[in-house]
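Q: I have a model open in the viewer. How should I read its helix packing and its domain contacts?

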Amino acid sequence: VAKKFEDALVTFKKGLQLLPPQSKPLDTLTETAEIHYLMGLAYSQNGNLIEAFESFNKALKLFPLYALAYYQRGLCRMGLQETNYIQDFHRALDINPNLFEVFISRAIFYGLQGRYFKALLSCNKALMIQPKSVRVFIYRGTLKFFIKAYKTAIADLNSAIAIDNVCSLAFFNRAVCYHQINEYDKALKDYGIVMLLGGLKEVDFKLLINRGLLYFKMEDYYSAIQDFKAASVLQPTNDKICHALGFCKHKIGQLTKAVNVFTKAVKLNPFFVDAYFGRGNVYMDYRTAAGTKEAQKDFLRALHLDPLCEKARISLAYNFQVLGRYQKAWNHFTIAIDNNPNFQDAYEGRAVINLQMNDTFAAFQDINAALKISKSAKLLTNRGVINQFMGHLPSAMADYKMAITLDPKFSLAYFNAANLYFHNKQFKQADDYYTKAIDLDPGDESAVLNRAISRVLLQNVQGALEDFEQAIALSPFTAHIYFNRANLYFTLKQYSDAERDFSRALELKPDDALIYKLRADVRGKLGRNEDAISDYKKAIDVQNAIRNR
């Protein structure tokens, strides 16, 4: 191809030699200008932009009304990274306002400058010249995406697809718009069409990344993993794909695999702060002393690379909290607040630490500081807990009810309010609020157990037994569930059932003197006096052992 352009240049130069050198009638000037113009095109195609620029200049000196020469010179100047090439586009359109390509180029210029509304006006002009231009509809849709006019962007992309129903780029861009307005099913459908159409490698890679992120947002982590794995085949050294895979593995509980993927990410990029942070979070979920120490190392590495990384700072503070090093945790929360006085999560975390350090007033101040930044049901509930610790029970209940008003689906606020009603011996209200908490979070065994106890006190025996059964199904290794049901059976004089539940509670908690004593009482009722005496003795032994520790 390059050889053909060189041949063309030789031909044009010969053509210039054949033209009369002295005589300059208009026709001759126009012909000469056209040859220079064609030479400029040939130079442009060969990548010789400076020679092309000079050729277009010669054409314009000979024929100043040569609109296309202005346009091509503008493109050359754009390629040479000059700043004022838009002036050539303006001149071209002043001479000939029907130059479709010039409007598109001008739209691109304004788009690159972030002047989206001017770019849109140029697209509109281009569509007046060619109303069925797929290229313009796609670009106008892209501009509308940047100004967050997603629905009108989709309308433009619909027009592009109506003209060319196998245009991968139009389907891809429409999928991105659907993603932004949370119409996930439509986005997935468009991504699927792009995959079927194929043909664009760069689009295929972006598609896999975008669809993987979409699946992640939909909490379909297994599908997200498949897309990220496919993307990693296309770019095996992409550390960000490893990072995304690590997050997905973490979400589905594959902790070892998540650590391995994050480790690969930091090997590919030793300065990847988010990868250290992600791996640290996985180590925290190991819930072992060794895992907690490894997490601390990763959070420290992240902070070494970026001392202002807020999420790493907060995670390190929580890491120290887990280790029981409250002062160190407090220090890091304070550093986070000093770095960003509007960092709400840091105030909330420090409030919890203050509470654990028995400084309830400081905890109250911090939670109020967090609430001044923005209100949330979680923060109001936490302030309610602090009020309870301070003995301000009416204020605590007011906070729980404010939290419920702010977010009627926040189950913890109902649960804490129910506990307060229970504390005040308002068992009917407690039952109602526990029920609301359970409706919102059916897996909360604490709410189920507490409702069971409330129902015992309300003499709703059947309801209580059903709740105990549900609590055991949710948490079969929790001793106090069996203990409380055994007490109910004892009250009902169902001694065999009570003896069974007390025995199960002792299997799970063998150092509880009270359970031995109560099982002894039950065995006495069953006439098993020797077993009862053995339990009484065991209760005394356990109690003495506890005192002598």
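The dialogue below takes up the domains, then a helix pair.

Q: What should I know before starting?
A: This is a predicted model, where local features need pLDDT of at least 70, side-chain atom pairs count only at pLDDT 80 or more, and totals for chains, interfaces and linings use all residues. Residues are numbered from 1 along each chain as its sequence is written, and side-chain values use heavy atoms, with hydrogens and water left out.

Q: Into which domains is the protein chain divided?
A: Domain bounds come from an automatic or database domain assignment. Here they give domain 1 (200-306), domain 2 (309-374) and domain 3 (379-476).

Q: How much area do domain 1 and domain 2 bury between them?
A: The size of an interface is often given as the accessible area lost when the parts come together. Buried area uses a 1.4 Å probe and is summed over both parts. Domain 1 and domain 2 bury about 1100 Å², with 69% of it on carbon and sulfur atoms. On the domain 1 side, Phe 277, Gln 296 and Leu 303 lose the most area to domain 2, together 44% of what that side buries.

Q: At what angle do helix H16 and helix H18 pack?
A: Helices are DSSP runs (H or I, at least four residues), numbered from the N terminus. Axes are lines fitted to C-alpha atoms over the stretch in contact, and angles run from 0 to 180 degrees between N-to-C directions. H16 (residues 273-285) and H18 (residues 310-322) pack at about 25°, their axes 10 Å apart. That makes H16 roughly parallel to H18 (angles under 35 degrees).

Q: Which residues of H16 make the contact?
A: Contact means heavy atoms within 4.5 Å. H16 brings Asp 274, Phe 277, Asn 281 and Met 284. H18 brings Lys 311, Ala 312, Ser 315, Asn 319 and Val 322.

Definitions and conventions: Helices (H or I, at least four residues) and strands (E, at least two) are DSSP runs, numbered from the N terminus. Angles under 35 degrees count as roughly parallel, over 145 as roughly antiparallel, 65 to 115 as roughly perpendicular and the rest as oblique. Buried area is the accessible area (1.4 Å probe) that two parts lose on being put together, summed over both.
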